[in-house]
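Please open the model in a viewer and keep a selection tool at hand.

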Amino acid sequence: MASIPLVVVQLLLLLLPLPLREHLWSSQHRRNDVDAGELHPIIVLPGVACSDLEARLTEAYRPSAARCGAMKGKGWFPLWKNSSDLSTHRYNECFEEQMSLVYDPVANDYRNFPGVETRVPYFGLVKGYHQKWPFDKPWCLTPLIRALEEMGYRDGDNMHGAPYDFRHVPPVPGQESQVYSRYYKEFMELVEATSKRHRKKKVIILGHSHGGCVALEFVRNTPLAWRKEYIKHLFLVTPTLSAGLLDPVENLATGPHNLFYVPGATELSLRPMWRSFETSIANLPSPAVFGREPIVVTERRNYSAYDMEDLLAAVGFGDGIEPFRRRMVARMNYLEAPMVPLTYINGVGKRTPRQLVYWDGNFDEAPERVYGDGDGIVNLVTMLAFDEEMRRQLGQRGQFKSIKVENASHMGILMDEWALKRVMKEILEVNQDSS
Ligand SMILES: *[C@@H]1O[C@H](CO)[C@@H](O)[C@H](O)[C@H]1NC(C)=O
Ligand SMILES: *[C@@H]1O[C@H](CO)[C@@H](O)[C@H](O)[C@H]1NC(C)=O
Ligand SMILES: *[C@@H]1O[C@H](CO)[C@@H](O)[C@H](O)[C@H]1NC(C)=O
């Protein structure tokens, strides 16, 4: 129809019977674009380490080195925003101490280091996402946000961010988390407020990687009636699900890989800080999906998904066993569908670690990796298990779409133009569907 002037099309349409006319007109009218005023508000969540953290040091703070107390009593300051100057200020070890969490076995929850208060700034705005890792193309959703702006979305109006404290793990229903109870409440208020400002339109939520895991748990923690009233659609793009993947195993064993930019620090030197985070023990491979296949291979012993507690001990993190047992096992086994329209988008066809070989049992050095299929980070088996689970549950089956984008990587899916286009097409379609 592209070559026929629009006015002619309109005239032709007028000659048609009314119901047909409306049908054709609306499909013609909406084919390429959606009026910005008609867009469903969208809330987007990027992966780990894109949200910032601010800290305040109280009198109770007992720094391990005197200079770390320099900000005591001086109010809020950006603790985790741009770390390139940390070493200039000889703040590396102070940063690591002030970022650390402590597991509280009485509450079965994680807390800040004593005397350190933290908060996540810019709640509600995508402007709050900052990439800390300077050596890559921007992966904190920058290209996606640009594409959404082209579609008519505006930060703080019909597009929002929901930055989160990535050190904590979003709990499944029934689990305690002081940090996430507050976060889920704020998130619900954000959804309600933006829906109200946009003629009660339902809201789209999109989460990438760890942000997908946060988005999923958020939705699953809301009352069912609330979801039906407010959620138009949930997009999970390469989410790191609790069925597990290999990446957390390596980060836990050898230190966080490409996550934290702290000048002068090595993965190994960041390992104690990383292990203090609840996130470090999340999404380890689950027995239901990885079965008895060896995940970590050493000369003396192999570890399968059934042996994660022994592996924690073997890598020198016995302290992780209790929170793993008391907080993570329930997450692995929580399979309830979110019961909202859901599109699950993944990359496949990329070499993805399936087994880590620490032959001489030295976990301080990078392992040899044996590869399988996936998006480079998330294993195909994990994706297929989620597909199967969503299709098995009656209330979800009819509103579940799974898309596997050949050759798209975990990050590339929202960064490479051709792959991003595929995702944008889905977002556009959801906006065109007026139901
Ligand atoms: C971080 O700070 C450094 C030095 O102040 C600056 O050169 C760099 O552009 C900043 N990075 C970002 C992502 O803002
Ligand atoms: C560990 O797994 C590897 C690879 O699957 C296998 O070849 C080896 O025999 C296993 N070793 C032990 C000690 O079970
Ligand atoms: C994926 O990449 C491989 C290797 O570069 C190529 O041979 C294949 O045609 C690609 N597949 C698609 C669907 O683009």
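Are Glu-417 and Lys-421 buried or exposed? Glu-417 is exposed, and Lys-421 is exposed as well. Please bear in mind throughout that the model is predicted.

**First stop: helix 15**

Select Glu-417 and Lys-421, whose side chains meet in a salt bridge with an N to O distance of 4.0 Å. Both residues belong to helix 15, where they lie 4 residues apart, about one turn of the helix.

Next, select Lys-401, Arg-422, Lys-425, Glu-426 and Glu-429 together; a network of salt bridges links these residues. Across the whole structure, a search finds 27 salt bridges.

Asp-433, with a relative accessible area of 36%, is partly exposed.

Select Arg-56 and Glu-117. Their side chains form a salt bridge, at 2.8 Å from N to O. This pair, too, links distant parts of the chain: Arg-56 is in strand 2 (residues 53-57) and Glu-117 in strand 6 (residues 116-119), 61 residues apart. Arg-56 is partly exposed, with a relative accessible area of 32%, and Glu-117 also counts as partly exposed, at 30% relative accessibility.

Finally, display the open sheet of 4 strands, whose order is 11-10-13-14 and whose pairing is mixed. Which strands stand at its edges? They are strand 11 (302-303) and strand 14 (368-372); each has a single partner strand, so one side of each is left without a neighbour in the sheet.

Then select strand 10 (residues 296-297) together with strand 13 (residues 352-357): these two pair in the parallel sense over 2 bridges. To locate one of the contacts, select Val-296 and look for its bridge partner in strand 13, which is Leu-356.

Terms used. Residues numbered from 1 in each chain as written. Chains lettered and ligands numbered in written order. Predicted model: local features only at pLDDT ≥ 70, side-chain atom pairs only at ≥ 80, totals over all residues. Heavy atoms only, no water. Pairing = 2+ DSSP bridges. Buried < 20%, exposed > 50% of the residue type's maximum accessible area, 1.4 Å probe, protein only.
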